[in-house]
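Please have the sequence and the model open as I talk.

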Amino acid sequence: MAKKQILVIEDEEDIRELVRYNLEREGFGVLEAESGEDGLNAAAQNKPDLILLDLMLPGKDGLQVCRELKRSDDLQEIPLIMMTAKGEESDIVTGLELGAEDYIVKPFSPKVLVARVKAVLRRKTAAAAPDAGDVLSIHGITIHPGRHEVTVGGKSIDLTATEFGILHFLARRPGWVFTRYQIVDAVHGEDYPVTERSIDVQIVGLRKKLKKTGDYIETVRGIGYRIKDRE
Ligand code: CA
């Protein structure tokens, strides 16, 4: 199998070297770009399998690069992991809403970086998200969209339409982090008044009803929610 190529867009040389060393050791090919402009060119020329994108870049910043990549018919399918500093939650939220697949906060351990890259590649090559009408099973929770019914360990759970919608949305993409806005948007359509609090309250109710399995709905602080994809 051909080596998977990872493009690293990062202005700090130390970080590029750390990333290159650790990814090459795992059998990945690594391409480097020092600026957003170079990164966009390298992405267009090489069509890498994944892009690691620093958000704090001189000139064209990471969010702008993310926006251009995710708007490009040619490049939008390339999975993208943002590299951010602590305290950049609002940028992370924006990046996720622009279509970035994941993020990692600096300073990160090489092990976590490699695991994140592999997880994103695995999720991307796995089948696309199931159709909205498909029955889903995860962590002992079974979701029947047609019947609007959820069972846990075979027992039916009584959920409101909104709780059902949230659970169904998260469960279709285990492991992916979604912002509150993305959740509201998916569940209610775009013209529903968006309040972060309303989602938080719904999640609390949902967890309570799911009892122990509710723990699989993870709060990602400052960002949003996800359903864990592994035990
Ligand atoms: Ca930087």
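By a salt bridge I mean a side-chain nitrogen of Lys or Arg that lies within 4 Å of a carboxyl oxygen of Asp or Glu. Please keep in mind throughout that this is a predicted model.

With that criterion, the side chains of Lys106 and Glu12 qualify as a salt bridge, with an N to O distance of 3.8 Å. Lys106 sits in strand β5, residues 102-106, while Glu12 belongs to the loop between β1 and α1, so this pair ties together parts that are 94 residues apart in sequence.

Since Asp54 lies in strand β3, residues 50-54, and Lys106 in strand β5, the pair ties together parts that are 52 residues apart in sequence. Are these two partners, Lys106 and Asp54, buried or exposed? Both of them are buried.

A further pair is Glu101 with Lys70, whose closest N and O atoms are 3.1 Å apart. It links distant parts of the chain, with Glu101 in the loop between α4 and β5 and Lys70 in helix α3, 31 residues away. Glu101 and Lys70 are likewise buried. Elsewhere, salt bridges with shared partners join Arg16, Arg20, Glu24, Glu32 and Glu34 into one network, and a search of the whole structure gives 17 salt bridges.

Let me turn now to the nonpolar side. In soluble globular proteins, nonpolar side chains tend to be buried together. The largest nonpolar core in this model has 26 residues, and those that touch the most other members are Ile9, Ile51, Leu53, Leu69, Leu80, Met82 and Ile223. Two or more residues come from each of β1, α2, β3, α3, β4 and α4, with the largest share, four residues, contributed by α3.

Looking at Ile223 in particular, and leaving aside residues up to four places away in sequence, its contacts include Ile92, Val93, Leu96, Tyr103, Val177 and Phe178.

Terms used
Residues are numbered from 1 along each chain as its sequence is written. This is a predicted model: local features need pLDDT of at least 70, side-chain atom pairs count only at pLDDT 80 or more; totals for chains, interfaces and linings use all residues. Side-chain values use heavy atoms; hydrogens and water are left out. Buried means under 20% relative accessible area, exposed over 50%, partly exposed in between (1.4 Å probe, protein chains only). A nonpolar core is a set of buried Ala, Val, Leu, Ile, Met, Phe, Trp, Tyr and Cys residues joined through side-chain atoms within 4.5 Å. Contact means heavy atoms within 4.5 Å.
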